[in-house]
Amino acid sequence: MDRLPYSAAWLSRWRDDITGAVRAMTATFETTYGHPPGRNDVRTADEDDLRAARDYGREFLAFPEMVTFYESIGEVALTDVGNGCFIHPARDVLHRLAEEGPVFVPMADDPHGMVFGSNGGGLLYVADWGGAVHRSRTASTDDGEFDRVADDLPQFLDRLRRCVTRFVTTGEPGDL
């Protein structure tokens, strides 16, 4: 994206890039696709999100890049980009962790992680304790089949930004 170090300022630029692309997409979406667009936004963290970010930061599987993310961004919902892409609010991530426990990612440098996102096709995004991002091969984490899609959260977010931009330009989301 740019040469700024990953920070709240980096995330602000990232959010602005996504928001600009989504605006362009939704302006012609109904004409192009024959139905109105769904929810497509990057929501800034509110007070409830900030409380959940602090709670997230106390979890043993938390890592600094995700804490920084949740201190700036409350949620990402890109319903109409490809199959959709969602980064869940911190409170939902914590709820799932409490209900289901950590996810075992066998091929990861650190095999324990948390589901933090999904796509509209049911695939799940898991961040391992070291910060790498993995995508499930199925709509379940039980089978332990994952592909590493990014070495860290900033790389994943930049890849998401490029997929959104590509979708708006070509109608093809790329592979996230």
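The largest pocket of this predicted model has a volume of about 220 Å³. Here a pocket is an open set of points on a 1 Å grid where a 1.4 Å probe fits, with protein on both sides within 12 Å along at least five of seven lines, and the volume is the space filled by probe spheres set on the points. Of its 15 lining residues (an atom within 4 Å of a point), Gly84, Asn119, Pro173, Gly174 and Leu176 are the closest to the centre. By class, the lining has 8 nonpolar, 5 polar and 2 charged residues, with Gly counted as polar.

Now to the rings. The whole structure holds 9 aromatic pairs, meaning Phe, Tyr or Trp rings with centres within 6.5 Å. One of them joins Phe69 and Tyr70, 5.3 Å centre to centre with 75° between the planes, and is edge-to-face (planes over 60 degrees apart). Both partners are buried (under 20% relative accessible area):

| Residue | Relative accessible area |
|---|---|
| Phe69 | 0% |
| Tyr70 | 1% |

Ring pairs also link Phe69 and Tyr70 with Trp14 and Tyr56 into a cluster.

Trp14 brings us to helix α1, where it is one of the buried residues, along with Trp10, Leu11, Arg15, Ile18, Ala21, Val22 and Met25.

Residues are numbered from 1 along each chain. Local features need pLDDT of at least 70, and side-chain atom pairs 80 or more, while side-chain values use heavy atoms, without hydrogens or water.

Key:
Phe/Tyr/Trp six-rings, centres within 6.5 Å; stacked < 30°, edge-to-face > 60°. Buried < 20%, exposed > 50% of the residue type's maximum accessible area, 1.4 Å probe, protein only. Helix = DSSP H or I, 4+ residues; strand = E, 2+ residues; numbered from the N terminus.
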